[in-house]
Number of protein chains: 2
Amino acid sequence: MKTFKYPEVEQWSSILMRPTQSVSDIEDTVEEIFQEVKNKGNMAVQRYTELFDGVQAEEFEVSEETISAAANQISEELKTAINTAKSNIERFHKSQITDYKMVETSPGVNCWIRKKPIQKVGLYIPGGTAPLFSSILMLAVPAKLAGCEEIILCSPPGKDGTLAPEILYTAALCGVKKIFTVGGIQAIAALTFGTETIPSVYKIFGPGNQFVTVAKQIATKYGVAIDMPAGPSELMVVSDEMGRADFIASDLLSQAEHGTDSQVVLVTTSETLLSEVDKEIKKQMELLPRKEIAAKAIKNSKSILVANDNDALRIINEYGPEHLIVVSENESYYLDRIMNAGSVFVGSYTPESAGDYASGTNHTLPTNGYAKQYSGVNLDSFLKSVTFQKISKEGIRNIGPVVELMAEAEGLQAHKNAVSIRLNEINK
Amino acid sequence: MKTFKYPEVEQWSSILMRPTQSVSDIEDTVEEIFQEVKNKGNMAVQRYTELFDGVQAEEFEVSEETISAAANQISEELKTAINTAKSNIERFHKSQITDYKMVETSPGVNCWIRKKPIQKVGLYIPGGTAPLFSSILMLAVPAKLAGCEEIILCSPPGKDGTLAPEILYTAALCGVKKIFTVGGIQAIAALTFGTETIPSVYKIFGPGNQFVTVAKQIATKYGVAIDMPAGPSELMVVSDEMGRADFIASDLLSQAEHGTDSQVVLVTTSETLLSEVDKEIKKQMELLPRKEIAAKAIKNSKSILVANDNDALRIINEYGPEHLIVVSENESYYLDRIMNAGSVFVGSYTPESAGDYASGTNHTLPTNGYAKQYSGVNLDSFLKSVTFQKISKEGIRNIGPVVELMAEAEGLQAHKNAVSIRLNEINK
């Protein structure tokens with residue numbers, strides 16, 4: 001790790017700078033594939049699946065038989081684990097149901113909100129070296145709780161052209177019935193425009209590589225919403241003498257194994273902890289199967305020694321980490337003042353990986369500093385708020401003159417008239 | 001209005017089709033201005049203000065003296081009206097404060113959410129023929145309630161190079177202190193990158209013409225969030241024998257006067273109402289100062305006669321109107337089943353213009369069918385949810401094995417290790 005001891009405030013932003021990703025060169029490719037899928041539907045999806053995934057696919061939808069057969073290919077222990085994770089995630093997301101009351105803003109003027117599910121949603125689940133079935137729990141559980149009617153799952157085929165049984169089992173467990181073996185840009189394009197077999201959706205969720213990320217961004221140009229923009233995964237750990245070097249090292253490494261571009265930052269007020277963590281990382285890294293990936297990520301990572309908690313806090317809020325672990329004697333100081341973070345893990349026995357899988361919080365979180373303006377995925381991500389109002393004769397008599405004056409001042413006479421015609425009727 | 005009597009279901013989507021706007025030809029211009037403002041700051045903003053607004057500006061920030069002088073240029077009646085509207089909007093948006101409780105998802109595993117304000121927000125207020133100060137109430141009131149620290153307002157100069165006193169008065173009333181006389185693409189670019197005097201922000205809100213709309217879309221490529229994509233304003237009225245033709249005509253016209261591209265749709269089960277509304281529109285339109293604009297919008301508008309409430313409901317949900325007025329004997333049938341609408345106005349004495357100004361609901365709403373996946377602006381638009389978790393030794397003993405199993409199945413050994421190292425310590 002690159003070590004910075006008591007850096008000047010002016011240096012912070014350059015120390016905390018994330019590597020910029022150039023997307024503009026991908027954009028043209030994405031636009032081209034979008035147009036192809038829009039115009040040629042399945043034929044285009046087929047062609048790109050062959051080109052990018054090396055798989056010849058005749059149809060993309062996974063059959064009911066294949067889905068139900070998946071349960072037999074997974075150990076009972078893993079099934080139980082997935083079920084436990086699912087019920088924790090369900091419990092936490094259920095607690096996010098909000099019940100808005102009717103508000104009488106003026107006598108006779110009643111306003112209220114009702115949240116309605118987004119009817120059609122698409123879930124993108126990355127493939128790659130390992131089947132990331134945990135992301136299905138994080139997206140399908142809140143989608144179901146919200147009441148989304150149509151949930152479409154897309155995931156790229158493995159080398160043999162199929163999806164891992166863990167993916168199929170978890171999807172089925174969450175009640176997802178429409179599963180397509182399609183990935184990458186072509187999957188996002190299909191969810192945007194629809195094809196002969198893949199339905200179009202109103203909002204697309206889920207993580208992905210840089211191609212998927214740019215494709216989701218382009219999809220918004222065609223009227224589809226997305227969960228959030230994405231970037232490489234990140235972890236910041238803030239600690240003091242209270243932190244255990246071995247625990248912290250294991251957390252930093254858990255983030256580092258995600259990819260060579262993972263961002264890992266340690267901020268501490270303890271010089272001892274700083275050097276201990278460094279030693280522990282070296283020790284623990286040796287034993288990792290994904291050692292090479294982790295080593296590269298760690299090489300680009302930073303550990304920063306700061307003078308006090310206030311400096312650490314300012315660094316947190318300037319960086320806006322996706323994941324933040326806080327192990328500090330002044331725990332409540334941080335909890336009260338953290339403004340920008342995706343998800344916060346508090347105390348020595350709260351590893352980030354608990355939240356990645358099973359504690360109940362969502363692991364689809366804003367990266368790349370987007371914690372400054374975006375929430376992680378939550379129940380509301382699958383809902384939209386519709387406002388309602390009902391005004392009685394008394395109500396329009398109360399606020400009508402206000403509307404008339406303001407509409408006139410804005411030069412909108414017909415807006416005024418819509419009130420005047422009603423007031424005239426009442427005053428007849 | 002174009003009239004459709006009992007159209008076949010297959011025809012609905014073509015009847016309800018909105019005129020498509022071509023944005024791709026604007027995109028290049030927007031990108032060019034963005035690069036100029038990014039590289040040259042105020043100088044570029046100055047140049048485009050001269051080019052597009054015909055105004056030579058030396059500085060953009062409105063002085064404190066100008067702001068406080070504005071109050072003297074407005075009638076007391078209008079000030080009282082603005083104050084009343086503000087307190088209704090405040091009351092309704094305050095009711096949207098959610099208080100999440102801590103959830104123990106498994107014994108020893110505590111998860112909770114805290115909503116934090118987006119620290120820096122930009123509010124865009126269009127200029128044009130009339131000062132749309134009501135939009136300031138709709139954006140600045142929830143921004144203040146949310147606790148946003150920096151609220152930047154941009155609005156294009158009038159021909160004399162200044163902002164209308166109504167704009168300045170309303171902004172000051174809402175506690176907005178940084179006001180810039182800058183509009184159009186250059187304003188959005190300045191809020192995205194910042195200039196020597198105009199601060200960059202994390203999220204941009206507010207309506208605007210097609211240039212502003214495309215600029216906001218492009219801004220998202222540079223890491224800024226926006227409230228929602230936008231399109232021309234819309235109103236759908238659904239009614240039956242209960243509807244009063246004169247009231248409904250006044251509502252349709254209030255929407256039609258917004259612009260020639262405004263979308264106005266009447267859906268009714270009553271053939272009598274359909275023809276009465278048509279007559280009333282012709283009568284009332286004659287007296288409007290913005291008659292020509294309204295006439296053009298009405299010409300492109302549609303009235304649809306349907307067989308029953310169920311068909312009307314399906315049309316609502318397929319169209320997803322920004323504004324929806326429901327005047328029906330079967331009111332509750334609709335209220336329970338409306339899925340896609342920005343804001344719903346219920347009953348004969350609830351004109352849309354009440355919600356545009358003073359009832360308390362927000363008038364920044366999803367157009368162009370975006371009600372299918374976006375909420376209108378509300379308190380949460382200015383907040384983001386941060387999740388927290390704290391796990392005790394008992395907690396990690398409970399869910400640790402689940403995490404270990406799932407991490408291993410996803411091929412992420414370091415994720416597993418972060419749990420194992422803690423379980424080993426506990427079980428020592």
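## A tour from the interface to the inner spaces

Across the interface of chain A and chain B, ten salt bridges turn up. Keep in mind as you click around that this is a predicted model.

**Stop 1: one bridge between the chains.** Select A:Arg244 and B:Glu425. Their side chains meet in a salt bridge, with N and O 3.1 Å apart.

**Stop 2: the side of chain A that touches chain B.** Which helix of chain A gives the most to this side? Select residues 413-426 of chain A: that's helix 17, and it puts in ten residues.

**Stop 3: the whole interface.** Show both chains together. Here 121 residues of chain A are in contact with 121 residues of chain B. How much area do the two chains bury between them? It comes to about 10,700 Å², and 60% of that is on carbon and sulfur atoms. If you like counting polar contacts, there are 70 residue pairs between chain A and chain B, with both residues at pLDDT 80 or more.

**Stop 4: the empty spaces.** Rolling a probe the size of a water molecule over the atoms shows where empty space is left. This structure holds eight cavities of 30 Å³ or more. The largest cavity has a volume of about 1,100 Å³.

To find the largest cavity, select A:Lys203, A:Tyr374, B:Lys203, B:Asp227 and B:Tyr374, which lie nearest its centre among the 48 residues that line it. In chain A, strand 3 (109-117), strand 8 (225-226) and strand 14 (383-391) each give two or more residues to the lining of the largest cavity.

**Stop 5: a bridge inside chain A.** Over all chains, the salt bridge count comes to 46. For one of them, select A:Glu61 and A:Lys178, where the closest N and O atoms are 3.8 Å apart. Why pick this pair? A:Glu61 sits in the loop between helix 3 (42-53) and helix 4 (64-70) of chain A, while A:Lys178 is in strand 6 (residues 178-180) of chain A, so the pair ties together parts that are 117 residues apart in sequence.

Key
Residues are numbered from 1 along each chain as its sequence is written. Chains are lettered from A and ligands numbered from 1 in the order in which they are written. Side-chain values use heavy atoms; hydrogens and water are left out. On a 1 Å grid over the protein atoms alone, a cavity is a set of points where a 1.4 Å probe fits but cannot get out, and a pocket is an open set with protein on both sides within 12 Å along at least five of seven lines; lining residues have an atom within 4 Å of a point. Grid points are joined across faces, edges and corners, and a volume is the space filled by probe spheres set on the points. Helices (H or I, at least four residues) and strands (E, at least two) are DSSP runs, numbered from the N terminus. Contact means heavy atoms within 4.5 Å. Buried area is the accessible area (1.4 Å probe) that two parts lose on being put together, summed over both. A salt bridge is a side-chain nitrogen of Lys or Arg within 4 Å of a carboxyl oxygen of Asp or Glu. A polar contact is a pair of N or O atoms within 3.5 Å; within protein, one must be able to donate a hydrogen and the other to accept it, and residues adjacent in sequence count only if both atoms are side-chain atoms.
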